[in-house]
Amino acid sequence: MAEEHRTSLGAPIPGSTEESQGHPDAPGLPGRLPERGATRVMRELLPAIEPERRLNDWGRSERIEGVFDRTLLEFFYRYWFRAEVEGIKNVPADRGALIVSNHAGALPPDAAMLAKAIREEHPNPRPLYITVEHFFKGYPGFSMLIPKIGGVAAHPANVHRLLSDEQQLVLVFPEGRKGTEKLYRDRYRLRRFGRGGFVEAAMRAEAQLVPTCVVGAEEAAPVFGQVDVLRRLTGLIYFPITPTFPWLGPLGMLGYLPAKFKIRFLEPIDTVELGGVDAGDDKALVQTLAQEIRAQIQENLHDMLAKRKSVWLG
């Protein structure tokens, strides 16, 4: 008689004598079909392939970004903020460049409006990658959405790869979190630009620097106060008091006022002419250029505010 083969758990191996003759406890029943392998079972649990799904190496999704662009961004850009753009041709059409802008307001919409302006107004529309702080990783749903719509962790290696290797446009806010924590009474007063890391990154990548001014964001999402006790209790990076938050709950952070947006792209600075990669090690030059860019943005903000007749009408 042929020797029966069993697995370590006592079940017959497919194709063995017992498997072909049926189970001994159930005489007369036909032999069982061979059990499916674990790999085949797990493969059936995978979600179906989405032919329209398009992701690049940074996790950017054309599908999700397109939905946002056609719905929320189109509405805010065209009808709510009624954005006006100056100097769009100062944004390079085909080489790496760092867009350096002022930044303020509770959950400010300025980054999205800058990306939309380049996409809509530039003769050669290009995607804009937005550097974001690492603390966004602590918010599960938000951290998954950020890379899909163009957000990239603010790390020198990421910025260098985008500017040098891929020749992309990258948006940076040198004021950082201090800009978004700024109170309404301090609107359009630029904070320090740190140690000039953005200038060093542009020099090492031999990319252009494009100083940029945004007017309207600080009235669209004004911050009237900060509550440190609630910040500690909720675990948020800051707990702002705005016209809609916390009164309307989490959605209050998106309750923007219809302030008129004006965006001005200034004359680009070519870092190759300043020495390029070699000049990136010159800390004095880096700091000096960072302060000059800050002063240039501040001066143009004052000019734009002086010409503005109304917060809501421009």
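1. Arg78 is partly exposed, its relative accessible area being 34%; the term covers values between buried, under 20%, and exposed, over 50%, with a 1.4 Å probe and protein chains only. Glu74 is likewise classed as partly exposed, at 23% relative accessibility. The two residues form a salt bridge in which the closest N and O atoms are 3.2 Å apart. A salt bridge here requires a side-chain nitrogen of Lys or Arg within 4 Å of a carboxyl oxygen of Asp or Glu. Glu74 and Arg78 are separated by about one helical turn because they stand four residues apart in helix α3 (residues 62-80).

2. The model is predicted, so local features need pLDDT of at least 70 and side-chain atom pairs count only at pLDDT 80 or more, whereas totals for chains, interfaces and linings use all residues. Residues are numbered from 1 along each chain as its sequence is written, and side-chain values use heavy atoms, with hydrogens and water left out.

3. On the overall architecture, the protein contains twelve helices and ten strands. Of the 314 residues in the protein, 43% are buried. Among contacts between residues at least 6 apart in sequence, 76% join residues at least 24 apart; a contact means heavy atoms within 4.5 Å. The protein exposes about 17,400 Å², of which carbon and sulfur atoms supply 57%. Accessible areas come from the Shrake-Rupley method with a 1.4 Å probe, and for residues only the protein chains shown count as cover.

4. Side chains of opposite charge can pair when their charged atoms come close. By the salt-bridge rule, the count in this model comes to 23. One of these pairs is Arg264 with Glu86, whose closest N and O atoms are 3.1 Å apart. Arg264 belongs to strand β9 (residues 262-265) and Glu86 to strand β1 (residues 84-86), so this pair ties together parts that are 178 residues apart in sequence. Arg264 is buried, at 10% relative accessibility, while Glu86 is partly exposed, at 38%.

5. A further salt bridge links Glu166 and Arg161, with 3.0 Å between the closest N and O atoms. Both partners are partly exposed: Glu166 has a relative accessibility of 27%, and Arg161 has a relative accessible area of 31%. Elsewhere, salt bridges that share partners join Arg60, Glu65, Asp69, Glu74, Arg78, Lys116, Arg119 and Glu120 into one network.

6. Is Lys116 buried or exposed? Lys116 is buried, with a relative accessible area of 0%. Leaving out residues up to four places away in sequence, Lys116 touches Asp69, Leu73, Glu74 and Tyr77.

7. Ala220 is found in helix α9 (residues 217-220) and is buried, with a relative accessible area of 1%. Which residues is Ala220 in contact with, leaving aside its neighbours within four places in sequence? They are Phe81, Gly255, Tyr256, Leu257, Ala259 and Phe261. The C-alpha atoms of Ala220 and Asp110 are separated by 9.8 Å, although the two residues are 110 residues apart along the chain.

Conventions: Helix = DSSP H or I, 4+ residues; strand = E, 2+ residues; numbered from the N terminus.
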